[in-house]
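Here's a quick tour of a protein model, one feature at a time. Keep the structure open as you read.

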Amino acid sequence: MKTIRNIIGSLLLIVGLVSCDDWLEVNNDPNTATQSEASVASRLPWIQHHCGYAYGSAGTRVGYMTGMLTSVSDYSSSAENMHNYMPIWDPIYGISTTPYQHWFVGAACNLQDLIDAAEAEGAYHYIGAALAIHAYGYMLMTDWYGEMPYTQAVGPYLTPEYDDGKTIFEGCMAKLEEALTYFEMTQAVGATPLREGDSWNDGDVDKWKAMIYGLKARWLNNLSKKSSYDSQAILAALEKAPTSNALNTIIHHVNESGDTSSDVLAGDPLKTSYLFDSAAWSDHVRLTKYYTDLFEYVQPDGTVVYDPRREKLLPMNQHYDENGNSYFMVTQGVDVIGTEILLEGGPRTQVYDADSKTYSVSAAGREADTLFVTLKNVCCAQGGAPDESFYQSADGTILSTGTYYTRPESPTDIVCYPEMCFIKAEVYFRQGNKGQALAAYKAGVQAHLEMMNEKLASYGTDNNPGKIPMDENEISTFLASDCLAQTEAELTMAEIMKQKFIAMTFTQQTWNDVRRFNYSAGNIADFGVVYPGLERPTGMSATAATMKFPGTSKTEDNYWWRRMQHCSHEMNYNNAQLVKSNPKALELDIWSVNVWWDSTEE
């Protein structure tokens, strides 16, 4: 790793995030901002932005690793096609660069300066926020890479030593405890209020503390393969974690005409959602059949009942009947497991003809690809209007409504109540307390529906059917239906994790959960197959199947995608320490090596 230099001075010259322009400090000379002049209220939102971007862009990659997303699948070294390796599980180290850069260059290297500045004025809540973000970001790094520079990560070390996963995990847990002590303090008289610089929780200390306990519960639960797994400690943390949606930590993004400055690391608008930036800016990303099937419930008579979240979490496009009346079609999912579509280049891009008002693809015999609606949306910086974030043709036809989590103004969930409910359901289910597991599971589904509807209602628009709130009667009917487990006998671990999977679409924790249960191996305790149908994609290259994921049986750990190989920054500038960190660090099968918390090793 290169010695990471501070970049916050240059960041201060860019417009403020979200809609709080007062985060931009007016210095003595705004053209030469310095560390000594930057206020705590100016520092924190930039750190939050880059930490959030690291986590959000990781979530897009998780979509490919957990069977949610797919794309064209060609072998190209160009940057725009780098992610085309992921659908066929033939990853290259470049796919892990963006989260790494945003965390270390944009966030981690600036944390100590924030802490020092906050300490000088007694702004203790800023210190608490910095420590919590420290834990959040470094845990993402160990979730990804396993071993990572941690104790020597930022500072004077040109070639910092690596720490193992256990050291990083325990260090992050300790930082959460330390953060809590600062949030319990009363700030000094005249200290900058947290609300002036906090883009996550608007200065609400209770939300920060709930977030910290939620992270503790999440991370302790990730130790489920270990004999030291402590269900009581998890339940204790959950008591102080978000206990309703009112305590959620959510980043609220906006689609503004004035958002023309671009992020210095990614080149994206500053205020748009991270999943939009990394998954829905271009036209090649599609949802898989594995994911779209989660919202369909086939009845004994052959009819299908749909989850009310379906039209909000899946994209739709506009069609016309023979009389010229328009209607919206929900995307079908690309079957990357049951078909050989990835061997044929993946789903082809559809083309809309405004004269005939029909869709087509250029490749003969691939007409069915028109059923796969792109995730693409358009932000103001691309020529769209604030209330027209959908992707449309010149004649006004909507080519994609986008999805709840991938529009420019979509929310980024950090720690939310639905997740806490599903963690509680899992813990109680493991304990054999099926009654409380059922209650927590049902609360989690309801909480996610309510959380989504609250956001959808805030848009106040009717020009995009994907942004209109779900019907309350449909929600009530669904919650009481046999689509969900209604009795203790019907509840399974697979059903708990299915609903958690939906509620945590495109988040890093989804990959953590999938790894904990070994995808569809079915060899964890007596839970059976927890993710039925989540198989490796058909069309994996020989290199991927035999060298990167060499296991020959689903019950072998190295059959599955377990971690990221370190990106080029570590290989180029810290290679000697990287090689010391893991005997397989530079081997092709490092992708299938368990990280520390994903193993039985204590």
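## A covered helix

Let's start with α4, which is mostly covered: 21 of its 22 residues are buried. Keep in mind that this is a predicted model.

How far apart are the end C-alpha atoms of helix α4? They sit 32 Å from each other, and that agrees with the 32 Å that its 22 residues (124–145) should span at 1.5 Å a residue.

Most residues other than glycine have a negative phi. You'll find Trp 89 in the loop between β1 (69–70) and α3 (97–121).

Ala 525 also has a positive phi, about 50°, and isn't a glycine either. Look for Ala 525 in the loop between α15 (508–516) and α16 (542–548).

Buried or exposed: what about Trp 89? Trp 89 has a relative accessibility of 2%, so it counts as buried, the cut-off being under 20%. Ala 525 has a relative accessible area of 64%, so it is exposed, which takes over 50%.

## A negative patch

Now for the surface, where Glu 311, Glu 450, Asp 471, Glu 472 and Glu 474 gather in a patch of negative charge. One of these, Glu 450, belongs to helix α12, which runs over residues 434–459. Glu 450 has a relative accessible area of 43%, so it is partly exposed.

How values were computed. Residues are numbered from 1 along each chain as its sequence is written. This is a predicted model: local features need pLDDT of at least 70, side-chain atom pairs count only at pLDDT 80 or more; totals for chains, interfaces and linings use all residues. Side-chain values use heavy atoms; hydrogens and water are left out. Patches are made of residues with over 30% relative accessible area and no salt bridge: like charges are joined within 9 Å, nonpolar side chains (Val, Leu, Ile, Met, Phe, Trp, Tyr) within 5 Å. Accessible areas come from the Shrake-Rupley method with a 1.4 Å probe; for residues, only the protein chains shown count as cover. A salt bridge is a side-chain nitrogen of Lys or Arg within 4 Å of a carboxyl oxygen of Asp or Glu. Lys and Arg count as positive and Asp and Glu as negative; His and the chain ends are not counted. The place of a charge is taken as NZ of Lys, CZ of Arg, CG of Asp or CD of Glu. Helices (H or I, at least four residues) and strands (E, at least two) are DSSP runs, numbered from the N terminus. Buried means under 20% relative accessible area, exposed over 50%, partly exposed in between (1.4 Å probe, protein chains only). The expected span of a helix is 1.5 Å times one less than its number of residues.
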